[in-house]
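I opened this notebook to record what I looked up in one structure. The entries follow the order in which I checked things.

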Amino acid sequence: MIPQTRSLTTSTPIYTTQDLQLEVEVEASVQMEEREGEDGVEQPPLCPIDPNTQGIIKGRDLFGYVGIEAVLDQMRRKTMKAGFEFNIMVVGQSGLGKSTLVNTLFKSKVSRKSCTPNYEEKISKTVNLQSICHVIEEKGVKMKLTVIDTPGFGDQINNENCWEPIVKYVNEQYEKYLREEQHVNRKRRIPDTRVHCCVYFLPATGHRLRPIDVEFMKRLGHIVSIVPVIAKADTLTMEERLEFKQRIRQDLEANGIRVYPQKEYDEDAEDRILNDKIRENIPFAVVGTDKEHQVNGNKVLGRKTKWGIIEVENVAHCEFANLRDLLIRSHLQDLKDVTHNIHYETYRVRRLNESNANGLGLSALSLENGTFDKNEAESQL
């Protein structure tokens, strides 16, 4: 007889993926409850270590000296060899001491008036921008300084649209830099002729901003960093100076005028604290001179009057030292960074959007003030 076979059914359950996942979650919750019962404090669930997680390794965690800090010396040596550029524009009507203040800032004869032989002071019929370049070296650091003067600004009976040549000049420098960037074979170092700072001179009237001041700073504040100063502030008493500065700050805020340093460009709390102190003193009440006088046996830069000597670098007499610290000693690099990352970048984006909208090359577009015309663009195409 053939034995009969029986089918045996096993009692082992079949687990699906969902069942396994549920079991793991239950086990994890049990373990967490056990840890809470032991320590009395809720513990975070165990997480696998992500190999891509970035950690901060500080000096105390290193096995020894690596030499990362030496990169600062490398950058310093390269900067000292190559030097750097700084372009400053001075704007204001004749007789406010623009040339004298620039000479005082850099303690050398760098203004156009000082460097032009047989210079004759005369009022220009139109605003003609003129620039002069110098290479200044101090302790091995070379700086190519360009001073842009604006003779004829505000000197006419009718000063309508007298800011247009200045706006045109600033945009032309942005355009020149942009064209250099667009070349296939670019220069290793593009010459930087962009205006990094515009020092605007206000006459010491003791009243409020004039309409020409408001219009100029409203139009230029969006394309260049403006630092307003009260020229020849020694003609005002201390009380008049404080009241005049307060009125100017009120006019700046009421007209939405952007002056440097802007609050929205503060990178961190430390910069905000420093810049808040600067904004409290804007506009700077300055006095300029390139003559030295003896005061208590020491030579000082000052203006001699019948009542005494006004020391230019004495903060109790004027705020020239604060202006110099802002332009050169503390914010020079920031002025260049704001020019490149904010003002130039805004111009570059606008120009590229215009070229894309019109379906033309960059050279086929004209500037806002008509620097390049269509015939020139067609010849380049």
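I start with a cut-off: a residue is buried if its relative accessible area is under 20%, and exposed if that area is over 50%. The model is predicted, and I keep that in mind for every entry.

**Entry: cysteines**

I applied the cut-off to Cys 197 first. Cys 197 has a relative accessible area of 0%, so I list Cys 197 as buried. Cys 318, at 0% relative accessibility, also counts as buried.

How many disulfides does the structure hold? I found zero disulfides. Cys 197 takes part in none, and the nearest cysteine sulfur belongs to Cys 198, 7.0 Å away. A pair of cysteine sulfur atoms would have to lie within 2.5 Å to be a disulfide, so that distance rules the pair out.

**Entry: the chain overall**

I noted the totals next. The protein chain has 11 helices and nine strands. Of its 381 residues, 36% are buried. I also looked at contacts between residues at least 6 apart in sequence: 66% of them join residues at least 24 apart.

**Entry: the six-stranded sheet**

I traced an open sheet of six strands, ordered β2-β3-β1-β4-β5-β6, with mixed pairing. Which strands stand at the edges? They are β2 (130-138) and β6 (284-285); each has a single partner strand, so one side of each is left without a neighbour in the sheet.

I then followed β2 to its partner. β2 pairs with strand β3 (residues 141-149) in the antiparallel sense, over nine bridges. I wrote down two facing positions. Ile 136 stands opposite Met 143 in β3, and Cys 133 has Thr 146 in β3 as its bridge partner. The two strands form a hairpin with two residues between them. In that turn, Lys 139 has a positive phi of about 55°.

Helix α3 (residues 98-106) does, touching β1 (84-91), β2, β3 and β4 (197-202). The direction of α3 makes about 175° with that of β3. Helix α10 packs on the sheet too, with β1, β3 and β4 as the strands it touches. The direction of α10 makes about 85° with that of β1.

**Entry: aromatic pairs**

How many aromatic pairs does the structure hold? I have six on record, and I describe two of them here.

The rings of Tyr 174 and Tyr 347 have their centres 5.6 Å apart and their planes at 40°, so I class this pair as tilted. Tyr 174 lies in helix α5 (residues 164-182) and Tyr 347 in helix α10 (residues 332-358), so the pair ties together parts 173 residues apart in sequence.

Tyr 174, Tyr 177, Tyr 344 and Tyr 347 form one aromatic cluster.

**Entry: a charge over the rings**

Arg 194 lies over the face of Tyr 177, 3.8 Å from the ring centre. The charged end of Arg 194 also sits over the ring of Tyr 344, at 4.9 Å from its centre.

**Entry: the three-stranded sheet**

Last, I looked up an open sheet of three strands. Its order is β7-β8-β9 and its pairing is antiparallel. The edge strands, β7 (292-295) and β9 (308-311), each pair on one side only. Neighbouring strands here are turned by 70° against each other on average, direction ignored.

β7 and strand β8 (residues 298-305) pair over four bridges in the antiparallel sense. For Gln 294, I noted Lys 299 in β8 as the bridge partner.

Technical notes: Residues numbered from 1 in each chain as written. Predicted model: local features only at pLDDT ≥ 70, side-chain atom pairs only at ≥ 80, totals over all residues. Heavy atoms only, no water. Phe/Tyr/Trp six-rings, centres within 6.5 Å; stacked < 30°, edge-to-face > 60°. Lys NZ or Arg CZ within 6 Å of the ring centre and 35° of its normal. Pairing = 2+ DSSP bridges. Contact = heavy atoms within 4.5 Å. Axes fitted to C-alpha atoms, helices over the stretch in contact; angles between N-to-C directions. Buried < 20%, exposed > 50% of the residue type's maximum accessible area, 1.4 Å probe, protein only.
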